[in-house]
Structures are given as C-alpha cells and as structure tokens.
Amino acid sequence: MGFRLRHQQHNLELNPGDFFIGRSAECQLALDDPLVSRKHAVLKVAADSVVIKDLGSRNGVVVNGTKIDTSRILLDGDRILIGSQELILIVARPRIGGEAGTRARRSVTQTLNSANPPSRVAQPLGEPLPESTSRRIEAFPVLSSLADKALALGHTEDAERILTPLMMDVLSAAQDARQRPADETIDRAARYAVRFAAATGQGSWVDYVVKVYAAVRRPCPGPLVEDLHSVLRKTSGIDLQALRAYLEILRESLESFGPAQKFLVQRIEGLERLASLK
C-alpha cells in the first residue's frame, strides 16, 4: 500500500515517517498562504495508514468539510483544507483477489443514527450481490486495522466513518440467502458494532448485532452475548421489537440446537428482559 498527497497538479509521494505541512521552508510541503501557520500540520505516515495531526495552528485543519479536534485517520480520497489550500490523499493498493482492497467508498453522513439501517436492495432471483459489494467485504481485514488504530487513539467517530459502509454491506449480504458472508465476517462486524455501542451509547449498534444474526438465523457467539449484557446497561434507544423478532427466529430452530446453543438462547432472552426495563 502506498500513499500520495495531491496538491494542485502535483502528486507528492508520502514515505513512512512524519510529513510536515506549513509556511516554513523546513516543511516537506511549504504553502505560500497567509492563513497557514509556519508548522500547521503533520501527516504521520505508516505502512498501512496516514494520520493527520493539527500542530496547534491558528486556523485549524478541515477534513471533508469538518474541522478536526487534534488528529484523524485519513482514507482514500479524503479532502484536507489547510488555510485556503486543498490537499487530497490518494491510496494506491496492490491488486489482490480481483482488486479486493481497492477504494472502499465512504460516506461521512452515513451512520447508524436510527434504529433501522438502510434497507437492502433486493437482487433479481439467481443473481449474486454486486461485485463492488463483495470486494468491499473482502477488504474488511484491511479497513478493520485502520479502525483499530482510530479506536486506540480514542477516535470512535473515525472508526465508525471507516467501517459503517462496509458493515452495512455485510448486513445486506447476510440478508441475501444466495450469497451470505462467512461466519467469521459476520462475527467480526458484530464485534465492532458492540465496541461502537460501548463507546457511543447508541442503541442502533446493538440493533445492528440483532439484525445481522437474525438474518443468518443463529445465536450470537457466547462472548458477544456477554458483552451485550454489559453494553445494554449503557445504551439507549434499543429496538425491542427487532430483538423480540430475533428471539422468535431462534425459538423456531430451538429443537435443532445443541445444549450450548440453547444456553445462548436463554442468555439472549435475558437481554430481552433487560432491554424491556429500559
């Protein structure tokens, strides 16, 4: 994976290390702009990520129209405004598995801010999900490593921005019986949803977990159920109806479950009781 910074008509290679931006000639990118501080910002470039940090500048750093607090992980195509100068991050990824890992489309405004995630667009019978969706799902390990870095920095919003579109793809694929993601992918998406619920207190992330496992008609893994018991006490706006519908799906299959799965159903019933008290 390589990184470039586009400024006007020039693409600047970003090598691992610190890349300073400002008016000073000492900066790797010196901008002749009175709105730019001498050392305005720094790009911290690693092998698989780029983080921009405001160095206490007078006018701040704006990414995709939003002024950042201190630092932010950048994604392919992010637009950075420093003074009156616009910069664009370009990510060049190797072609793997039919271009898996190519640009994952992001939408800053797309979040799980309601109890109902975006509805799945029905596919014509017999046709798989769009190839672009499959590619994004295959890129989950790469993007989740970026999300982990954002979470480690305490930047939950960045992590949500990175993963929300991809997680919605996983949910859409899970709802399509012809091309469901691997259990590992579903479990990975659900683990991040629980982490986001714990960090934000938004019940819509709990709803995500319920909906994705209802789609594949299986109980949440034990560790996730236990985490949900803790998270549920700190979240609000849980979709109780969706949780009850999920339990009905599990009860329909109860006779085919083994002892461990039946125990998980009992623990999920405990979640329903806990949610009904909120």
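Worked exercises on a predicted model follow.

The model is predicted: local features need pLDDT of at least 70, side-chain atom pairs count only at pLDDT 80 or more, and totals for chains, interfaces and linings use all residues. Residues are numbered from 1 along each chain as its sequence is written, and side-chain values use heavy atoms, with hydrogens and water left out.

**Exercise 1. State the secondary structure and the buried share of the protein chain.**

Step 1. Take the elements. Helices (H or I, at least four residues) and strands (E, at least two) are DSSP runs, numbered from the N terminus. The protein chain has eight helices and 11 strands.

Step 2. Take burial. Buried means under 20% relative accessible area, exposed over 50%, and partly exposed in between (1.4 Å probe, protein chains only). Of the 278 residues in the protein chain, 50% are buried.

Step 3. Take contacts, meaning heavy atoms within 4.5 Å. Among those between residues at least 6 apart in sequence, 60% join residues at least 24 apart.

**Exercise 2. Describe the surroundings of H7.**

Step 1. Locate the residue. H7 lies in strand β1 (residues 2-7). The covered face of β1 holds F3, L5 and H7. G2, R4 and R6 form the uncovered one.

Step 2. Is H7 buried or exposed? H7 counts as buried because its relative accessible area is 11%.

Step 3. Find the strand partners. Two strands pair if DSSP finds at least two bridges between them. β1 runs antiparallel to strand β11 (residues 85-92), with six bridges. L87 in β11 stands opposite H7. β1 also pairs with strand β2 (residues 10-14), antiparallel, over five bridges. There, R6 has N11 as its bridge partner.

Step 4. Check the turn. Two residues separate the strands in the hairpin of β1 and β2, and Q8 takes a positive phi near 55°.

Step 5. List the neighbours. Beyond four places in sequence, H7 contacts L29, L31, Q85, E86 and L87.

**Exercise 3. Trace the open sheet of five strands.**

Step 1. Write the order: β4-β3-β5-β6-β9, with mixed pairing. The edge strands, β4 (29-30) and β9, each pair on one side only.

Step 2. Check two pairs. Strands β3 (residues 17-22) and β5 (residues 41-45) run antiparallel, joined by five bridges. F20 has V42 in β5 as its bridge partner. Strand β6 (residues 50-54) pairs with β9 in the antiparallel sense over four bridges. V51 faces I73 in β9.

Step 3. Inspect β9 (residues 71-74). Both faces are covered. S71 and I73 are buried on one side, R72 and L74 on the other.

**Exercise 4. Identify the nonpolar cores.**

Step 1. Apply the rule: a nonpolar core is a set of buried Ala, Val, Leu, Ile, Met, Phe, Trp, Tyr and Cys residues joined through side-chain atoms within 4.5 Å.

Step 2. Start with the largest, of 58 residues. L163, M167, Y208, Y213 and Y246 touch the most other members. Helices supplying at least two residues each include α3 (156-174) and α5 (203-216).
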